[in-house]
Amino acid sequence: MIKDCYNQLRSGRYMVFVSISKKDFRYGEGEEICKDTFKKNYGVTLYFYDSESIRVDFGNYGLVDAREIREPINNLGDKPSQRFWYIICKK
């Protein structure tokens, strides 16, 4: 998918991805179907990233920046913030 998105970019254009961090509270929940990939009981499959897996998966596709973000920034009551990676690539 990353390669397909990159191949559709015009020169000088950007693509932005948001992916789930391995530091997210959901990491490890559900059935592990392969490394860092878990199938949730409601049928959704989630893949979790860290800086190394981002470098491996996006490094050949113009990786410009990758930083962890929290959404929302502060926990809301008993619900923890979600942790994501904000990934920017340029062709």
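How many Å² does the accessible surface of the protein come to, and what percentage of it belongs to carbon and sulfur atoms? The accessible surface comes to about 6200 Å², and 49% of this belongs to carbon and sulfur atoms (Shrake-Rupley method, 1.4 Å probe).

## Basis of the model

The model is predicted: local features need pLDDT of at least 70, side-chain atom pairs count only at pLDDT 80 or more, and totals for chains, interfaces and linings use all residues. Residues are numbered from 1 along each chain as its sequence is written, and side-chain values use heavy atoms, with hydrogens and water left out.

## Overall layout

The protein has two helices and six strands, in the order α-β-β-β-β-α-β-β from the N terminus. Helices (H or I, at least four residues) and strands (E, at least two) are DSSP runs, numbered from the N terminus. Along the principal axes, the C-alpha atoms fill a box of roughly 45 × 30 × 20 Å.

Of the 91 residues, 30% count as buried, meaning under 20% relative accessible area with a 1.4 Å probe, protein chains only. A contact is a pair of heavy atoms within 4.5 Å. Among contacts between residues at least 6 apart in sequence, 54% join residues at least 24 apart.

## Nonpolar cores

A nonpolar core is a set of buried Ala, Val, Leu, Ile, Met, Phe, Trp, Tyr and Cys residues joined through side-chain atoms within 4.5 Å. The largest one has twelve residues, including Ile2, Phe17, Tyr49, Phe58 and Trp85. Helix H1 (2-8), strand S1 (14-21), helix H2 (51-58) and strand S6 (82-90) each supply at least two of its residues. The largest share, three residues, comes from S6. Apart from this core lies another, of five residues, among them Ile20, Phe38, Leu46 and Phe48.

Met15 belongs to the largest core. Residues up to four places away in sequence aside, Met15 touches Ile2, Cys5, Tyr6, Leu9, Tyr61, Ile87, Ile88 and Cys89.

## Helix H2

Ser53, Ile54 and Phe58 are the buried residues of H2. Seen down the helix axis, they fall within an arc of 105°, so they line one face of H2; the arc is that of the directions from the axis to the C-beta atoms. These buried residues pack against H1, S1, strand S4 (45-49), strand S5 (63-71) and S6.

## Thr37

Thr37 is found in strand S3 (residues 37-39). Thr37 counts as buried because its relative accessibility is 7%. With residues up to four places away in sequence not counted, Thr37 touches Glu31, Glu32, Thr45, Leu46 and Tyr47.

How values were computed. Buried < 20%, exposed > 50% of the residue type's maximum accessible area, 1.4 Å probe, protein only.
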